[in-house]
Protein chains: 2
Amino acid sequence: MRLLEERILKDGVVKSDGVLKVGSFLNHQMDPKLFEAMALQWKQDFADAPINKVLTIEASGISLAIMAAREIGVPAVFAKKSQSINIDGEVYSTQIQSFTHRRSYDVIVEKNVLDSNDHVLIIDDFMANGWAVDGLLDICDQAGATVEGVGIAIEKGFQPGGEKLRLLGVRLDSLAIIESMDPVTGEIVFRH
Amino acid sequence: MRLLEERILKDGVVKSDGVLKVGSFLNHQMDPKLFEAMALQWKQDFADAPINKVLTIEASGISLAIMAAREIGVPAVFAKKSQSINIDGEVYSTQIQSFTHRRSYDVIVEKNVLDSNDHVLIIDDFMANGWAVDGLLDICDQAGATVEGVGIAIEKGFQPGGEKLRLLGVRLDSLAIIESMDPVTGEIVFRH
């Protein structure tokens, strides 16, 4: 998606190997106009899929998920990272490893918001090793829900998450795929 | 706001004293149509304020913040709950106590997304003791940003957060204020 690629080139910062900072427009400060364009792209790309729910994981996937859900006209659900006193025992749960935080954590989705009638579009901001999406796929599997596809803002093409999902036959729609990036020169190359 | 009050009466569940579950439409599963109406209400209520940024805190404030930001036509920023390797040292930070999780945690906002030129609308899903908003006010104070007001979805009127802010002279716009709620009968009474 040209608009997103241009924004990454303009405002993204390649830090050390494997880390791209996009906090000025994607996952700390967020640009609603860009998000609306991204949501529209996902809606168009999945126009033939009977999506009735968008699923993401806190925190940085939430804003993309609600915008996609708004565009498609369905509710969004975000998987929560820890059990709070507001949560009943009736949950699906899975464990997810975090590339950014270098630890693993439990995430849960309450059973009353996801079940076997659901046709789910999974949304997230980044895909690197794909662990977050693996966890959301596991939760959909527990719920008996049908996963119609996965929409990612930025896929790091040099990490294995995307390829792994494609080999599994999951319909993956990454709006920008980074082929390589250089922390010294700051150069970012996209896959097309 | 009648639409939100009606939805709380229809789908909210009064659990134990002080806990209202609204996870089916507000802070776990999220209804974009309702959120759009709430965002429009905040936009109208703050139409005279020169807001150029929406600020919230992860996780459940994010979807309301991006929808409000979209409606107003400005970016949104969410304060992050812990330091990750994606974050530079250049941050504002504060400590917030959580009513739901019964512990405190550090939140940060990077300095490059908030400064003294900003006129901020703070958005969150719930106000109980007001600790999250206190933390966001502190971060705005550190940044030298002007707080134009605070938009809350559901204020628990029987807890002190809202009254405290009003006494401070903060412009507080709670779309639903719960006067009382009864875990035995399930009855919810709103303040008007």
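This is a short tour of a predicted model, stop by stop, for you to follow in your viewer.

**Before you start**

Residues count from 1 along each chain as its sequence is written, while chains are lettered from A and ligands numbered from 1 in the order in which they are written. Because the model is predicted, local features need pLDDT of at least 70 and side-chain atom pairs count only at pLDDT 80 or more, with totals for chains, interfaces and linings using all residues; side-chain values use heavy atoms, leaving out hydrogens and water.

For the complex, the predictor gives an ipTM of 0.95 and a pTM of 0.96.

**Stop 1: a sheet with strands from both chains**

Helices (H or I, at least four residues) and strands (E, at least two) are DSSP runs, numbered from the N terminus. Two strands pair if DSSP finds at least two bridges between them.

Select S3 of chain A, then S5, S4, S8, S9, S10 and S11 of chain B: in that order they form an open sheet of seven strands with mixed pairing. S3 (29-30) of chain A and S11 (188-190) of chain B are at the edges with a single partner strand each, so one side of each has no neighbour in the sheet.

Now zoom in where the chains join. S3(A) pairs with S5 (residues 76-79) of chain B in the antiparallel sense, over two bridges. Which residue in S5(B) is the bridge partner of Gln29(A)? Val77(B) is.

**Stop 2**

S10 (residues 172-181) of chain A pairs with S11(A) in the antiparallel sense over three bridges, and Ser180(A) has Val189(A) as its bridge partner.

**Stop 3: two helices of chain B**

Show H1 (residues 2-11) and H2 (residues 32-45) of chain B, whose axes come within 10 Å and cross at roughly 145°. Leu3(B), Leu4(B) and Arg7(B) of H1(B) meet Leu34(B), Ala37(B) and Met38(B) of H2(B).

**Stop 4: cis peptide bonds**

Finally, find the bond from Glu58(A) to Ala59(A): this peptide bond is cis, with omega near 0°. Ala59(A) sits in the loop between S4 (53-57) and H3 (62-72) of chain A. In chain B, a cis peptide bond joins Glu58(B) and Ala59(B), with omega about 5°.

Methods
Axes are lines fitted to C-alpha atoms, for helices over the stretch in contact, and angles run from 0 to 180 degrees between N-to-C directions. Contact means heavy atoms within 4.5 Å.
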